[in-house]
Amino acid sequence: MKTTTRQPPAGDSLPPDLPRPRVRELLAAAFLRPHMLLLMPADRVRRALLVHVAAALLCGMAAAAVRIPSLLERSAGWARWMAGRIERVQLRDGRLAWESSQPLPWDGVHAGWRVDLVDAAQAPFDPRRRLGPEKRGVWIGPADVVLWWRLGERKAVVTRPLLENGLVFGFVKPEWLWPDGLDVRGERQMVAGVQAKVVSGLPVYLLSKSIETLVVAEFYTFLFAFIPFVMRSPLAGGGFRRVYSFYLYASVPPLLVATVYSSLGLPVLDFG
């Protein structure tokens, strides 16, 4: 009697009568038996990609969320430090005006940042100025606020304007950020005003960190899948879709581990 065996569909390593594994089973395999992921169907790359994207976005958001308390604490520290040197700050027609107990220009150092407060005679910022030994700082003038930092051990100075030509970050009108105008005086108002802006910007901060984590994770996942495929490694014997699915699932444990280490703030291992 002639017998026939049922062959699995092309590109599929699982017997057709077996149920497809659930996502939680795939994630368990990624942690405990990652080699089993190579037996997954090659046509399920979409589900693997969705799991990878969700894990990267959530891990990025979690890593950013644990930094919120320190972000609020640092912003309050900056506001208190500035309040000890500037009695009142106003924003008029895209230009800063302040009342300072110290004659201008003056400079100081806070949290490793050099701070220069100058009048119109010393503005705009010129990176060729003698900025001192600090590696980073902020230059505050009536019409421009500029962050600057040095590139490694070289003398080159990189700048990023915060306020320039009456625009914040180069494209935001001050009226959008302060509809009622900016006029704060004293430490209490400065701290409250700075922290209110930090809190209002938290959604953008969390979203940007999530997208940043996703972009980095996806780049390396695709790279790790592409190399064995091009090198004709036995790992890619089932084609690019299969090895890509494998690395998409296998990326979840490193993402979780990196998030935990980043959240703990360990001084040696830094994934931030």
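## The Asp107–Arg114 pair

In this predicted model, Asp107 and Arg114 bring their side chains together in a salt bridge, at 3.7 Å from N to O.

## A network around Arg88

Another spot to look at is Arg88, which is linked with Glu99 and Asp183 in a network of salt bridges. With Asp183, the N to O distance is 2.7 Å. That pair links distant parts of the chain, since Arg88 belongs to strand S1 and Asp183 to strand S9, 95 residues apart. With Glu99, the closest N and O atoms are 3.7 Å apart; here the link runs from strand S1 to strand S2, across 11 residues.

How accessible are these side chains? Arg88 is buried, at 17% relative accessible area. Glu99 counts as partly exposed at 36%, and so does Asp183 at 39%.

## The sheet behind it

Now for the strands themselves. There are three in an open sheet, ordered S2-S1-S9, with antiparallel pairing. S2 (95–100) and S9 (182–185) are at the edges and have a single partner strand each, so one side of each has no neighbour in the sheet. On average, neighbouring strands are turned by 10 degrees against each other, direction ignored.

S1 covers residues 86–92 and pairs with S2 over six bridges. Arg92 stands opposite Arg95 in S2. Finally, helix H5 (residues 186–200) lies across S1 and S9, running at about 135 degrees to S9.

Methods. Residues are numbered from 1 along each chain as its sequence is written. This is a predicted model: local features need pLDDT of at least 70, side-chain atom pairs count only at pLDDT 80 or more; totals for chains, interfaces and linings use all residues. Side-chain values use heavy atoms; hydrogens and water are left out. Two strands pair if DSSP finds at least two bridges between them. Helices (H or I, at least four residues) and strands (E, at least two) are DSSP runs, numbered from the N terminus. Axes are lines fitted to C-alpha atoms, for helices over the stretch in contact, and angles run from 0 to 180 degrees between N-to-C directions. Contact means heavy atoms within 4.5 Å. A salt bridge is a side-chain nitrogen of Lys or Arg within 4 Å of a carboxyl oxygen of Asp or Glu. Buried means under 20% relative accessible area, exposed over 50%, partly exposed in between (1.4 Å probe, protein chains only).
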